[in-house]
Each structure stands twice: as C-alpha cells, then as structure tokens.
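Open the structure in your viewer and keep the selection tool ready. We will go stop by stop.

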Amino acid sequence: MSSSTPLLQLNDVRVHFPVRGEAHRQGLSVKAVDGVSCQLQPGQTLGVVGESGCGKSTLARTVLKLVPLTSGKILWRGKDVNTFTVHEMQSLRRDVRMIFQDPYASLNPRMTVGEQIGEPLALFHPEWSAATRQTQVADIMQRVGLRPELANRYPHEFSGGQCQRANIARALIGQPKLLICDESVSALDVSIRAQILNLLSELQRELGIACLFISHDLSVIRHVSDQVLVLYLGKTMEYRTADALFSDARHPYTRALLDAAPVPDPARERSRPRTVLQGELPSPLQPPSGCVFRTRCPQATVRCGVRIPDFHSVEGGVTACHLLESSP
Amino acid sequence: MSLLECRNLSVRYRTPRGELRAVDEVSFTLDRGQCLGLVGESGSGKTQTCLALAGLLSDSAIVEGSIRFEGEELLGTGRQAWNRLRGRRIAMIFQDPMTALTPHLTVGSQLCELLRVHEQQDQIAARRRALEIMERVRIADPERRFSMYPFELSGGMRQRIMIALALILKPALVLADEPTTALDVTVQADVLGIFRAVIEHTGTAILLVTHDLGVVAGTCDQVMVMYAGRTLETAPVESLFASPRHPYSRALLDCLPRSDQPRALTMPAIEGQPPDLVALPPGCAFAPRCAHAQADCVSECPPLISLDSGRVACWHPLSGYDPGRDQGDPA
C-alpha cells in the first residue's frame, strides 16, 4: 500500500433514516449525515465536533457498517467497504475498534474485566491457549495503566477512569489500525480526563494507530486532533487542519462554537464579546433551504437561503460559507 | 448579616465498611446578589452540600453543624419549616432536565402550580406570570410552549423551564447543581448568560455546583474547591484563577485542555485516583496525589487558614505569584 492512500476515506457519505406517519407520506426522512467527505491518514487523528444531533455518532457508526449507508462511498485502505466479503468485514471490525462514552455501560457487569479484555482474542486467535491469552491480557492491562492483578475483578469494583482504561485495553488487544472514540472522555472527571487523553495520545504515538475522535468539547478536540471536521445538521461546515481552524475559524458556526466554550480565565470570560447562537437546532426532517445554518447565523443574508454554499478553499482545508465568496 | 451562613457542616453515612464522611466540616457564607461556585470532582461532596442546604438528604444521612438562612437556623427544624422555604425562598435546579420535570403535565401547568400553591394566585394571573418568566429565560414563542409537554421540548428548552420554575417565586437563593453539564456549549453559554442577568437584576444569590472551572470563571464571584468532602481552598474568582494557593486547585486548572492555547504534547494530569471516602488517609486527603507533598502532609490534616483574600487548607501553600502562569501552557 502506498503511503498516500488514506487509511479511511469518506466520499459524499449520506445516511438518511426513514420515518413513519405523516412525515413519511410527505416523503421526508431524517438526514442524519448529508454529504460528508473526509479522509484519515494512518497514525493521524480526525476530530469531529458539533452540537448534539449533528450526526457525529452516526458518521462513526457508518464506518463500521453499523448503520446502512444511503449513498456515497467509504473506502478502507482504498477499497470500498460496501463490496467487502464477510471475511473482509470481519477483518475490518478487527482493525477498527470503538470506545464509547459511558465507561460502565460498555462493560458487561457479569464478566470479569480480564475476561472482557481477552474476549476479542478468542475470536481473532481461537488457536491460542488460555495461558497465552492471559499473558496478552496482562501485557495490555499494564500498557493502559491497570495492574494485572485487577483482571479478576468485576466492572462495579472499578472507578470510571479505570473502566475506561479497560475499554481502551479491550479495543487495543487486537492491534487495531483505527480507534473510533465516541465522546470517550466526556463522562470522566477533569483530572481523570487528562490522564486518559494522555494515555490515548501516548498509545497512538507508539503504536501508530489512527483515531476518529468525536466530541462536543472543542478544547478536547483542540488537544487531540490533527484535522477537524465541524458538522451541523449532518453537513460539513468546516474541514481543516486543527492549527488553521483554531487560529482562524472562518465559518460563523465554528466561531460561535469557539465563543461559546467557556475558558478558565475570569478576565477573558467577562470581557470578550459573546455571539451566542439564537434559537434552536432546526428539525433534521425539514432542514432550512440553502445553508442549513442560516436560521441561527448572525451574518446570514438573502443569498444563504437560496443556494447551498460551495466549499471554499481556505488555509488548511475547506469551509462551506457564502461569506467567503465576496472576500478575495 | 449574610443571606446564607454555613458553619462546620458535616454529612455522614453509616455503611457496612464504616463511617463515610461525604461532607466534612465545610463552612462558607453567601451574600445577596453573589454567586458562589462549588468546584470538585465526583465524590468531592459538592452535591451532598447542595442537598443538605435544600434539606433533601435521605433520612440515613447524619447532618451536623449549622445552616443559617436569613438569620434562621435550618438544621434541626422539621419538615414543615423546610417546606415553607423550599420553592419560595430556596429553589433548586438539577442537572438532568429530562427527569426533573413531570412528564404528564404541561410545562405551563407546572409553572402555574407553584404560583397557585405558594401565592394562591388565580389561573389567569398565574398564566400571565408564567408567560413573563418564560420570556425572561429566553424561551421563544412562550404562548405556544406554555401548553407543551416536556418531551416535546429540546434539552436546552427543558433546562430553561427548570430555571423558570426555580425563579418564578423570586427566591433569595438558588441552588444550581451542575445546571449546564448536560447541555451543548452554545446552549450552556446562553444559560450562563441568564444566570448573570438574574443575579444583576433580582439580587438572587446563586450557589453554582460544577466540575467545570470554565463555567466558574465567567459566572461566579467566589469559588470553593472541594476534595473528598473537605474544603481545600476558597478565594475570590480572580485570585483563584490568577494564583491558586492549593496544589490541587493549581493542578485542576493545569489539566484543563484549552481551545485558546496551542496544543501541548502531553497534558499535565493528576495521577492516581480520588481517595476512598470510607478509608481516608490520616493527613491531607490530596497528599497521595500531590506533587508537592512532604512528610507532614501525610501525617496530619492541615487546617483551613486565611491567606491573602481567601482561605486554604495546605501545609505548604503555593506562593502567590507564579511566573509560569502568564506564559500560557504550563507544560
């Protein structure tokens, strides 16, 4: 595989969910993800950010084919996931592992932590003996900062941070190439969150794993991402390198998100102007015409309601906003 | 006289493994028109303090100390005394707006119920007041939303209704327990704006419980940092953020990722776990995780002493001026 082939590539991915009742008769569907394109190089991190209901989690699920694609293409190392055979799909699910938000809910309360961490090995390497499996489990537990003696304990005996470490261990034991972290640190306390974020970036550096990191928290996204995808109502607002995006956000939505995020600095908090977004997220059943963000955009003009904005090249990526047309 | 004076408040539970001190000798005062931020991680006792102030702890809790509200001692008074105050003088906003509203009543009737029960207002007057307060908490189209059920509203809308419920009887004190944790950043910014407006216009005091120091920075006047049920530091918000004196406050500030600063390779983290509340170490509760801990920290518990404009419980408080602070990332 040439180094220029992205590990994961999404081409105009759309996921529309059918609805029942009156809306169905009108031919409407929920456009959870609507035309998202992005790519991820090996060892890199793509941060996906947006408010609840913007399609972040749906996007992650489509990669693993947990949600059927309406249209578009997902390429895994240059090959269309939709054409995968059962065998290829199995190997994809081994290469792409997911870590969820709730550290307790994603562990089985009736299995010991060690059994759960080792369970993927029973699938991937059925020929291995129980003893080999146990050494592997002990190794990986050590790696994520859990004492191997804890393998015989049950999840309820663990703290939230320890549970999340166990989840990470279970994801890593099959030596994946891509980790999908869906709000994986949102439920953790600040001090534990920093520990887990450090652990993830350390593991990523050492093992060269790529990461699709989903969060609603821009400061966390800032810390982990190489590239950032800003979603709103299933559509890409801005897709740029993290450095470019955070130093000079071009889309009014990204700017609003940045302005709304509280900063631990009283003087700054009190003095800076706030462009708090007006109104509510529109219904994804009937998104606004033209630019979907226009109903809450402080800079919206007539043009925004008429035409869907094109992607404009900006430093480090693209931004979908009409405002960039008039400026040189 | 302060609006709220809390002296040596302790909340204990008897468990099979021994006594659990959820809140350990916590003292603070809150004046009218002030906002006090209670900051700490899970298990630090911030919600227990809040529930004690609202008289909502379970019967198994052993509460000691003194809570004086508007000059009147609340601890040891019966259920009736609390019922007279709750809702009318002391209101509470809970974290989860999904479960805190009654699902089978419209939001309008929930608002009007308070006015009918506490102020014996008739239907028409109550409706007018309810619509007024809905407008104050920035609910668009209040007439239509008045007759909606909670499930028809978004999370942000529901939390606004919760705030409206708390404010409608013009209470002197609002206890807000993680009011913005379940909300999106954009909605959070809006809700915090409402809080600031309320403090300015009505002089209501707010006790804001949160784990997010960013929320504290923009909203509160005073901050109290809790750990393992104890107060580690209280200070005016500016001085806590500019020069925290307790190593834990400092570490909490350092381990926050920030979107306004360049990315660091590793974030400063606080190693280890919060202690088991049943088996607290004999000395400072934070000592096992503290980078500055010395021998005396482990052997004896530091008292809360006055230092500059605040109070700190540490044998070796950090110096007031920290040159690393101004250069952005401390790592």
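This is a predicted model: local features need pLDDT of at least 70, side-chain atom pairs count only at pLDDT 80 or more; totals for chains, interfaces and linings use all residues.

Taken over C-alpha atoms, the centres of domain 1 of chain A and domain 2 of chain A are separated by 29 Å. To see both, select 8–232 for domain 1 of chain A and 250–328 for domain 2 of chain A.

Next, go to where the two domains touch. Here 12 residues of domain 1 of chain A are in contact with 13 residues of domain 2 of chain A. On the domain 1 side, select strand E2 (29–40), H8 and strand E9 (227–232) of chain A; each supplies at least two residues. Which of them gives the largest share of that side? It is E2(A), with three residues. Now colour this side of domain 1 of chain A by class. You will find eight nonpolar, two polar and two charged residues.

Now bring chain B into view. In this pairing, 35 residues of chain A are in contact with 37 residues of chain B. Stay on the chain A side and pick out four helices: H7 (190–207), H8 (218–224), H10 (252–260) and H11 (266–271). Each of these supplies at least two residues of the side of chain A that touches chain B. Highlight H7(A) by itself: with six residues, H7(A) gives the most to that side.

Last stop: H8 of chain A.

Conventions: Residues are numbered from 1 along each chain as its sequence is written. Chains are lettered from A and ligands numbered from 1 in the order in which they are written. Two residues are in contact if their C-beta atoms, placed from the backbone, lie within 7 Å. Domain bounds come from an automatic or database domain assignment. Ala, Val, Leu, Ile, Met, Phe, Trp, Tyr, Cys and Pro count as nonpolar, Asp, Glu, Lys and Arg as charged, and the others, Gly among them, as polar.
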